[in-house]
Amino acid sequence: MLRKLFAATAFAGVVAVLGAQPALASSSQAPLKEDVHWSFESPLGMYDQAQLQRGYKVYKEVCSACHSMNLVAFRNLGDPGGPFWNPKYPNPNDNPVVKTIAKDYQVNDIDPDSGDPIKRPATSADYFVAPFPNVPAARAANGGALPPDMSLLAAAREGGPRYIYSLVTGDGTDPPPGLTIPDGKYYDPWMSGDVSSYYKGDPHKIPVGGFIAMPPPLIDDRVTFDDGTKATLKQEATDVAAFLAWASDPKMEERKSLGVSVLIFLVIFSGLLYASYRQIWRNVGH
Amino acid sequence: MSEHPSTYNPGSAFERWLDTRLPIVRFGADLMTFPTPRNLIYWYTFGGILAFCLAVQIVTGIVLAMHYDASGTGAFISVQRGIMRDVNYGWLIRGLHANGASMFFIAVYLHILRGLYYGSYKAPREVLWLLGCVIYVLMMATAFMGYVLPWGQMSFWGAKVITSLLGAFPVIGKPLTTLLWGGFAVDDPTLNRFFSLHYLLPFVIAAVVALHVWALHVPGNNNPTGVNVKSNSDTLPFHPFYTVKDLFAISVFMILFAVFVFYLPDAMGKVDNNIAADPLKTPAHIVPEWYLLPFYAILRAVPDKLTGVLALAGALAVLFVLPWLDTSKVRSMRYRPTARIYFFIWVFFSLVLGWCGSQEPDGQIVSGFAGPVFIDYDINSVTWLSRISALYYFAYFLVILPILGMTETTLPVPDSLYTPVLSHPAGLPVGAAAAPETKG
């Protein structure tokens, strides 16, 4: 009995310590919106390729004006599990969609004959072209605020795509009364921060959230989707959040599908070992 | 290595030749036939599981080092772009290594708890226990430095907070911190020395593990009854009985490991570490990895920084002197019903300390209730909960165990660790007929 209690205590402890941690991060932030679901959220769920393509379009036409994505190469768009993966092109560098996307960008290079700095059209092997040449330039163009790199944005925020979705859709209401909003900033209940020094209302009802330098980025019909999906604000936000989730975790499909094989193997292997254990110990008192 | 007679018989001329020059085959064969108590339960499989964990960390770590760039500008990119995106199965190797560290600590904590419960630290196994403590401290140092290497926000700021602790020491504090940092701030030199040491320490751990296993084979295993091995009928050869049991346990452990690696790869990390290190931007909450949280809570529970650092060190140091603090002659807590209760309370408070370490110091325990402020903090705060828990943590080792061993009434201890199944009726511990011991 006590042995079981011992085991249960130890197990509960590990679970409790692991479970306690996320509690921290949600200190001053509105609860994330629960009105969307993504195909990749379940343990075995994969990305929805059409959604990733729509999300890429939102990123390209809206987000990429300010946000870099330095860890992602054009070829990654054609990787297995990516927005433009096509089994006909196992080498994503050959994928015609990827090539077309890349060649519209200009990247810095050195002319091999003269040694002069030149611009050339990007190839599939190049990385996404950042909107600003460096951090000070990005700050200067954005009122002193730095638009974060989006390569790992979904992995770098508690709640991931749901956080991004909540943040960019906003709550659709005016800022709470009594809150003074600094110049060039916007109030967002999902942005982490502390607005108490800008708030003159009821001290027991300090609004959650913080100020963000980004104006609400999406409106209905901000983009036109190629697959005919109606581009509502909610649709755009859902799709771009999915695209950013992919950018943060491009190997998710490979990971989840390999996991199934590994777990099946391990369960069978454990069963065999257990049978061996019972066999070897069958006439041995212990 | 061990005192049991060697049964190895060199089969070929080559083996006979080698056996008189380097009896390495005999050494291995003797390990396999080592007489092991026949009553070892699954709690005794964590040694094998830990050996597996160390091997996984070393193998995956060596591969990761092939792709890693230890520089302030390159570290984050080499991990997040190179290893996670471009290296074939890099995400898997890093997933195994990062989650492997947590699995290693889960296993080591269960291994330590087992040792505490069954009195495995008592004579004649003190050196075995001490070596285990050394491994544990080395593991924490290695894990801490490894966590710095991806050079994310939590890596950087965790390194800064922990290394700054040394600055609390008078006179030597500052030069020591400068030496550790390789400059006047956490920067490239810090990252490089941490990488170098992170590669070195696992091999030191492996060497101490070899000593730990050696020290195990001199007195032989303890067992759940704590009763010494008295005859051959008490033991079984290690192979195949415990090789198969350990392998089964390792395989089950791998299932848990795989669930984390493939389906919850980020569950034990912090999202902030996916943001590249920025020395100018302090994250809102700097929290160490879960396995260091109880010690972090003890550190913060003490108002004075230097005393806090000493308390943290003391929480580890007390483990080293435990064999001489516990005065009871009965090893296993199976026969120490009073000590057992104090032990479970100790486990509970250690977990509470872990929880406290993950929370804000002034967070409320009962929300909405403000109590009197006492020594800088509200009575109803995480800090006070940490203080009470830390007090019990130390009291268990320094007060309860020494006194209890001399005053408690223990249950009758069986004559032998193994009596044939038929002779003990259900519900009674093996050998329950023996006279009760009232004094240790």
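Modeller: Pro124(B) sits in the loop between H5 and H6 of chain B. Helices (H or I, at least four residues) and strands (E, at least two) are DSSP runs, numbered from the N terminus. The peptide bond that joins Ala123(B) to Pro124(B) is cis, with omega about 5 degrees.

A word on the source. This is a predicted model, in which local features need pLDDT of at least 70 and side-chain atom pairs count only at pLDDT 80 or more, while totals for chains, interfaces and linings use all residues. Residues are numbered from 1 along each chain as its sequence is written, and chains are lettered from A and ligands numbered from 1 in the order in which they are written.

Back to the backbone. A cis peptide bond also runs from His239(B) to Pro240(B), with omega near 5 degrees. Pro240(B) belongs to helix H10 of chain B.

Two loop residues have a positive phi. Val171(B) is not a glycine, yet its phi is positive, at about 60 degrees. Val171(B) lies in the loop between H7 and helix H8 (173-181) of chain B. Val171(B) counts as exposed, because it has 7 C-beta neighbours inside 10 Å. The cut-offs: a residue is buried if 20 or more other C-beta atoms lie within 10 Å of its own, exposed if 12 or fewer, and partly exposed in between, with C-beta atoms placed from the backbone. Asp376(B), also not a glycine, has a positive phi of about 75 degrees. Its place is the loop between strand S3 (373-374) and strand S4 (377-378) of chain B. Asp376(B) has 11 C-beta neighbours inside 10 Å, so it counts as exposed.

Now Gly405(B). It is part of helix H14 (residues 382-407) of chain B. With 19 other C-beta atoms within 10 Å, Gly405(B) is partly exposed.

Next, helix packing. Two packed helices are described by the angle between their axes and the distance between the axes. H4(B) and H5(B) cross at roughly 110 degrees, and their axes come within 5 Å. Axes are lines fitted to C-alpha atoms, for helices over the stretch in contact, and angles run from 0 to 180 degrees between N-to-C directions. The pair is therefore roughly perpendicular. By rule, angles under 35 degrees count as roughly parallel, over 145 as roughly antiparallel, 65 to 115 as roughly perpendicular and the rest as oblique. Ile83(B), Met84(B) and Asp86(B) of H4(B) meet Gly90(B), Trp91(B) and Arg94(B) of H5(B). This contact of H4(B) with H5(B) has three nonpolar residues, one polar and two charged. Here Ala, Val, Leu, Ile, Met, Phe, Trp, Tyr, Cys and Pro count as nonpolar, Asp, Glu, Lys and Arg as charged, and the others, Gly among them, as polar.

Helix H6 (residues 126-148) packs on helix H7 (residues 153-164) of chain B at about 135 degrees, with the axes 7 Å apart. That angle makes H6(B) oblique to H7(B). H6(B) brings Phe144(B), Tyr147(B) and Val148(B) to the contact, and H7(B) brings Ser155(B), Gly158(B), Ala159(B) and Ile162(B). Five of these residues are nonpolar, two are polar and none is charged.

Step back to the domains. Chain B is assigned domain 1 (38-228 + 237-282) and domain 2 (287-440); the bounds come from an automatic or database domain assignment. Taken over C-alpha atoms, the centres of the two domains are 24 Å apart. Domain 1 puts 31 residues into the contact and domain 2 puts in 28; residues are in contact if their C-beta atoms, placed from the backbone, lie within 7 Å. On the domain 1 side, H5 and H6 of chain B each supply at least two residues. H6(B) has the largest share of that side, eight residues. The domain 1 side divides into 19 nonpolar, eight polar and four charged residues.

Last, the partner chain. In chain B, 46 residues are in contact with 42 residues of chain A. Helices H4 (75-86), H5 (90-117), H10 (238-263) and H13 (337-358) of chain B each give two or more residues to this side. H10(B) gives the most, 13 residues. The side of chain B that touches chain A has 31 nonpolar, eight polar and seven charged residues.

Terms used: Contact = placed C-beta atoms within 7 Å.
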